[in-house]
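Open the model in your viewer and keep the selection tool at hand.

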Amino acid sequence: MTRPGPVLSRRRFLTGAAAGGMAGAALLASPRSLLALTSNDLPAPLQRMDGDWQLTFQDDFDDLHRFQQTWDRMRIGGDGHPTMRYPKNVVMREGELDLKLGHQADPKRPFTGGYVRTRTFRQTYGYFECEMRIAREAGVNNAFWLISDRETEGDTHFELDVAEVKYPNIVQVSARRWRPEKKVLAASYRAHIRLDDTFHRYAMLWTRQGFRFYVDDMEVFDAPNDFAHTPALLLLSNAVAPFAGKNDGDVAGAATSIRTVRVFQNTSA
């Protein structure tokens, strides 16, 4: 998670035809079987695209046993922010996953938060979507993102930020290569409504040719892909961070909530 790029005053639309197929898509593991879907079952952006789209991953956070098999609760800090994420801050309840924010007696990391990543699920290319309600606190980065798997990434380590959302209405999206040379493709979208009042959909279409990012099924940014071509894992996290804005020093009781995560794959590409 890194500092945001410039805010776009208007959403950027893709002007060409749909980005090409997903040759090489790799499903390594999933908590559910590969499911064929009718067009009405697909997210709205996929309904407008060609391809044989199938559901490869879904978690509605309504089954604790499945959650424990699917996700790792992490104890991890991070660069550029004063937050420590603990397993105890990750709580599943009534069809929601809450990443709770809090405080601790550590002058270097006085804030606490939550962080989970998929245990075995990895996929190359596809459509990645979550429904998230951000914390009602300024200065918090609420994130749904992917990173390349160190076991298969080779020399290229990358990060795909489907959404880094800041109260009350800023969504940053990005594709970042960290190695061998740093490259950042990023933009921010300013919604016309607050994003903490209810759940909103954040999604990314990742193909061999490029990336498209969506907020509530509306495309907000696109970029070419010349580095992300190996399997990636899914992550959900939050942190009080200077790059997310100024905080008031008290985040106790706030949380980032996720209602569902879904991943699709074009098996005809």
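Select R262: is this residue buried or exposed? R262 is buried, because its relative accessible area is 18% and the cut-off for buried is under 20%. Keep in mind that you are looking at a predicted model.

**Stop 1: the partner of R262**

E129 and R262 form a salt bridge, and their closest N and O atoms are 2.9 Å apart. Trace the chain from each one. E129 sits in strand β13, residues 126-133. R262 sits in strand β22, residues 255-266. The pair links distant parts of the chain, 133 residues apart. E129 counts as buried too, at 1% relative accessibility.

**Stop 2: a pair in the loops**

Select R136 and D197. They form a salt bridge whose closest N and O atoms are 2.6 Å apart. R136 lies in the loop between β13 and β14 (140-148). D197 lies in the loop between β17 (183-190) and β18 (200-206). The pair therefore ties together parts that are 61 residues apart in sequence. How accessible is R136? R136 counts as partly exposed, at 48% relative accessibility. D197 also counts as partly exposed, at 48%.

**Stop 3: strand to strand**

Go to R176 and D161. This is a salt bridge, with the closest N and O atoms 3.2 Å apart. R176 belongs to strand β16, residues 170-179. D161 belongs to strand β15, residues 157-166. They are 15 residues apart, and the pair links distant parts of the chain. R176 is buried, with a relative accessible area of 3%. D161 counts as buried at 0%.

**Stop 4: a network**

Select R93, E94, E96, D98 and R133 together. Salt bridges that share partners join these residues into one network. How many salt bridges does the structure hold? It holds 20. Side chains of opposite charge can pair when their charged atoms come close.

**Stop 5: D59**

Finish at D59. This residue is in strand β4, residues 53-59. D59 is buried, with a relative accessible area of 0%. Show F61 next. A polar atom of the D59 side chain lies 2.9 Å from the backbone nitrogen of F61. Which residues does D59 contact, leaving aside its neighbours within four places in sequence? Select R66, F67, T70 and W71, then R259, T260 and V261. D59 is in contact with each of these residues.

How values were computed:
Residues numbered from 1 in each chain as written. Predicted model: local features only at pLDDT ≥ 70, side-chain atom pairs only at ≥ 80, totals over all residues. Heavy atoms only, no water. Helix = DSSP H or I, 4+ residues; strand = E, 2+ residues; numbered from the N terminus. Buried < 20%, exposed > 50% of the residue type's maximum accessible area, 1.4 Å probe, protein only. Polar contact = N/O pair within 3.5 Å; in protein donor to acceptor, adjacent residues only side chain to side chain. Contact = heavy atoms within 4.5 Å. Salt bridge = Lys/Arg side-chain N within 4 Å of Asp/Glu carboxyl O.
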